[in-house]
Every structure is written in C-alpha cells, then in structure tokens.
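Subject: Structure handover and findings

Hello,

Here is the structure for your files. My notes on it follow below.

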Amino acid sequence: MNKIVRYIVPNNNDYKQNLPCKALVFIKYKKDSDIAISKISNLNALEQLVPDSWLSPKIENASIFLDWFLKIPCYQLTYSDNTKMINTVTKIFNDDL
C-alpha cells in the first residue's frame, strides 16, 4: 500500500492492562536544544496524528474516536537530552505538569 508503518513493541509485560490514555505527546529530537514542552490544540494534534493513522470509515466509529480525542490533552515536546525528556513525559503522565 506504499505506507510507512511505525510500531514499537512494548517493553513491559503489563501492556495489555487497558490503562486509560492520559495525554498525547508528540516528541521531536532536535540536536543541542533545551527541553521545550507546550500544550497544543487538539486540531494541531489531529493534523499530526492522522497522516500516520488508520481511521475507521464507519461514521459511528469516527464519532466515538473524535469524542474521545477532543477530551485528551495534547503536547509538543522538543528535546536533545534523553533524561530530561523522560522526566518531562513522566510528569505529564503523573499529572504533575
């Protein structure tokens, strides 16, 4: 289908727990940059997400997805230091940001 598929195998044994999604974080590496995190609009996030996603063509499924998606906070994170990036993402998922 001439599509790039991106998938990372979870490295933990409990990934099937069905934990709720707390946020979407779009992460970008930029050499020699300081850590930068900003909340972005769901529209901006959707524009980034859709090109790399499969969405159901069924109206009811799309509606359920959009209802869910509009409630999720979205962030753009730019980093060059792995430790700072991991600490920042951990804060987001622990509701500390």
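Which residues point one way from S3, and which the other way? Cys74, Gln76 and Thr78 point one way, Tyr75, Leu77 and Tyr79 point the other way, and all are buried. Buried means under 20% relative accessible area, exposed means over 50%, and partly exposed lies in between, with a 1.4 Å probe and protein chains only.

First, the ground rules. This is a predicted model, where local features need pLDDT of at least 70, side-chain atom pairs count only at pLDDT 80 or more, and totals for chains, interfaces and linings use all residues. Residues are numbered from 1 along each chain as its sequence is written, and side-chain values use heavy atoms, with hydrogens and water left out.

**Overall layout**

The protein chain has three helices and three strands. Their order from the N terminus is β-β-α-α-β-α. Helices (H or I, at least four residues) and strands (E, at least two) are DSSP runs, numbered from the N terminus. Of the 97 residues in the protein chain, 22% are buried. The accessible surface of the protein chain is about 8,100 Å², and carbon and sulfur atoms hold 55% of that. Those areas come from the Shrake-Rupley method with a 1.4 Å probe; for residues, only the protein chains shown count as cover. Among contacts in the protein chain with a separation of 6 or more, 80% link residues 24 or more positions apart. A contact means heavy atoms within 4.5 Å.

**The sheet**

Three strands form an open sheet in the order S1-S3-S2, with mixed pairing. S1 (24-29) and S2 (36-40) stand at the edges, each with a single partner strand, so one side of each has no neighbour in the sheet. From one strand to the next, the twist averages 20 degrees. Strands of a sheet pair through backbone hydrogen bonds, either parallel or antiparallel. Two strands count as paired if DSSP finds at least two bridges between them.

S1 and S3 run parallel and are joined by six bridges. On that side, leucine 24 stands opposite cysteine 74 in S3. S2 and S3 (residues 74-79) are antiparallel, with five bridges. There, lysine 39 has tyrosine 75 of S3 as its bridge partner. Isoleucine 37 has leucine 77 of S3 as its bridge partner. Six of the six residues of S3 are buried, so S3 is largely enclosed by the rest of the structure.

The loop between S1 and S2 holds aspartate 32. Aspartate 32 has a positive phi of about 65 degrees, although it is not a glycine. Aspartate 32 is exposed, at 71% relative accessibility.

Helix H3 (residues 82-93) lies across S1, S2 and S3. H3 runs at about 165 degrees to S3. Axes here are lines fitted to C-alpha atoms, for helices over the stretch in contact, and angles run from 0 to 180 degrees between N-to-C directions.

Threonine 88 is in helix H3. Threonine 88 is buried, with a relative accessible area of 11%. Leaving out residues up to four places away in sequence, threonine 88 touches Ile35, Ile37 and Leu77. The side chain of threonine 88 also reaches the backbone oxygen of lysine 84, at 2.8 Å.

**Helix H2 and phenylalanine 69**

Phenylalanine 69 sits in helix H2 (residues 59-69). Phenylalanine 69 is buried, at 1% relative accessibility. Apart from neighbours within four places in sequence, phenylalanine 69 is in contact with Leu24, Asn42, Ala45, Leu46, Leu49 and Cys74. Leucine 24 is 45 residues from phenylalanine 69 along the chain, and their C-alpha atoms are separated by 9.3 Å.

**Cysteines**

How many disulfides does the structure hold? The structure holds zero disulfides. A disulfide is a pair of cysteine sulfur atoms within 2.5 Å. For the sulfur of cysteine 21, the closest cysteine sulfur is that of cysteine 74, at 8.3 Å, which is too far for a bond. Cysteine 21 is partly exposed, with a relative accessible area of 32%. Cysteine 74, in contrast, is buried, with a relative accessible area of 0%.

Best regards

Key: Polar contact = N/O pair within 3.5 Å; in protein donor to acceptor, adjacent residues only side chain to side chain.
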